[in-house]
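Visitor: I have a chain to look through. Please show me how to read its features.

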Amino acid sequence: MPVLALATNWLLLAWFAKDLHAEQEMQLRSRATAITHNAEAYLKAVEANHPVIAENARRRLIDSALDVGFRLDAPDGIVEGGPAQDLATELPEEATEPVMLTTSDSGNTRWLVTSRRVTPSNGIPPDGPNLWMYSPDTAYQAQLSHVRERMWTMVLISVPVTWSIAWLIADRATRSLRRLQHRTSGLDPRITVLRLEHTLSGVTEVDDLARTLQTALARYDEQAARAGEALATARSFAAAASHEMRGPLTSLRTNLDILGEYPDLTAADREAVLLEMGQEQSRLLGLLGMLRTLAQGDLVEMDAFTRLDLAEVVQSSVADLRRTRPQARLTVTVASGLLVHAWHEGLRSAVDNLLVNAWTHGRAKDGVARIEVSLSPVHDAGAPAALLLVEDHGPGVPPASREEVFQRFLRSPDSPGSGLGLTLVAQQIALHQGRVAVLDRPDGAPGACFQVWLPVSGTHDLQHTLPLLRRDWLTAPDDEYGPKTE
């Protein structure tokens, strides 16, 4: 505001000086008209050889000059009048428009000069201008100096006043910002759990900044929580791998010692040892793969989810089971067009493990694995959903154990698996906001029926998203696990 006050006063002074200069030019032109008329009358009387009339015309010419100086080149000599007649020796050769002339002989006075070509009505026109008129700018300079003094006085008064007003306005305008700065200066997300509490101040910019800071702190908290989850998952992965791999590795070491210490083993014994080593190696690979998938499920982000056709996922899993286990007898009934918002890798691993579990534990008494897979649209709690059924003909799951089968590392002594397959199924279904349960077969025959409900999105609802739930399947205690989705 002080700078604005200085600039405004300077601009007003420049405009006033320009207006004074224009007024001086207008006055000189007006006086030049009267002087030119009298000069024409004088030249006419001189050419007509009327001395008395010429003298009277000469007096009228001088009287009309008043405060404007002039010089007229007449046939009988030079006629001059007005102030500073000695200025005539420094006049320009021609000045059809008013020009400013500064003379050093007259105390550096500035003069506004203009010229005319005056021709009597019955005379011969001269070759160039023969009448010069000049007006000093003393009055102009006096007025300009007077106004300049007034303006500098106003500047000396207005600058402190405007500075004080500007300071008060700025202090009031930034008070909310300073209050916000004071509140945020002590917030360090690394050492305190306190967060910014902001009440609306009425200042749009401050309120927007406060919301931005709150959003940034919330995102920091979210990322810090995710980093903590990742660290806890890594620790749990290492602990679980160390604990569960100890048995297979010990068994492998024992079998290696047997092969080394007893080189004379019979072919049958050697084949049995190698078979057991192969089974333990497969178990180790399966265990590491399951732990890896569980860890990925705990750390998956929402941007990994996309729109999938559940029928394509189920058919792909069935085709893979038929390729790797050609002895399985599968009956598949799949309805197409069931779109789900899902993580492809996680959902595929859930379906794969359901089918492998049915293959491993669902054999009939004749040793044949008969598996029925069906996928159909249903309504779950009034919302459209997809129901996946995987039925086998094995011994089934007792009602008392139907919650325990989803716990980590729970497996029968003769099971070739890692005890994580159904845990991974429960994890992935929970991440997709679905439900999984194990029941008896609907037809009453022996066997287990795994039922999976998954919410589906309509063909036009392509932006349907779901929040991620149960993100601690690898880190929570074993007794907390089951097919829960809360």
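Guide: Start with surface. Accessible areas come from the Shrake-Rupley method with a 1.4 Å probe, and for residues only the protein chains shown count as cover. Here the chain exposes about 27,500 Å², with 57% of it supplied by carbon and sulfur atoms. This is a predicted model: local features need pLDDT of at least 70, side-chain atom pairs count only at pLDDT 80 or more, and totals for chains, interfaces and linings use all residues. Residues are numbered from 1 along each chain as its sequence is written, and side-chain values use heavy atoms, leaving out hydrogens and water.

Visitor: What percentage of the 486 residues count as buried?

Guide: Buried means under 20% relative accessible area, exposed over 50%, partly exposed in between (1.4 Å probe, protein chains only). In this chain, 39% of the 486 residues count as buried.

Visitor: How many helices and strands does the chain have?

Guide: Both are DSSP runs numbered from the N terminus: helices are H or I, at least four residues, and strands are E, at least two. The chain has eight helices and 12 strands.

Visitor: Which residues does Asn-38 contact, beyond its neighbours within four places in sequence?

Guide: Contact means heavy atoms within 4.5 Å. Asn-38 touches Arg-60, Leu-61 and Ser-64. It lies in helix α1 (residues 2-47). Asn-38 counts as buried because its relative accessibility is 15%.

Visitor: How do strands β1 and β2 run?

Guide: Two strands pair if DSSP finds at least two bridges between them. Strands β1 (residues 69-74) and β2 (residues 77-81) run antiparallel, joined by five bridges. Arg-71 has Glu-80 in β2 as its bridge partner.
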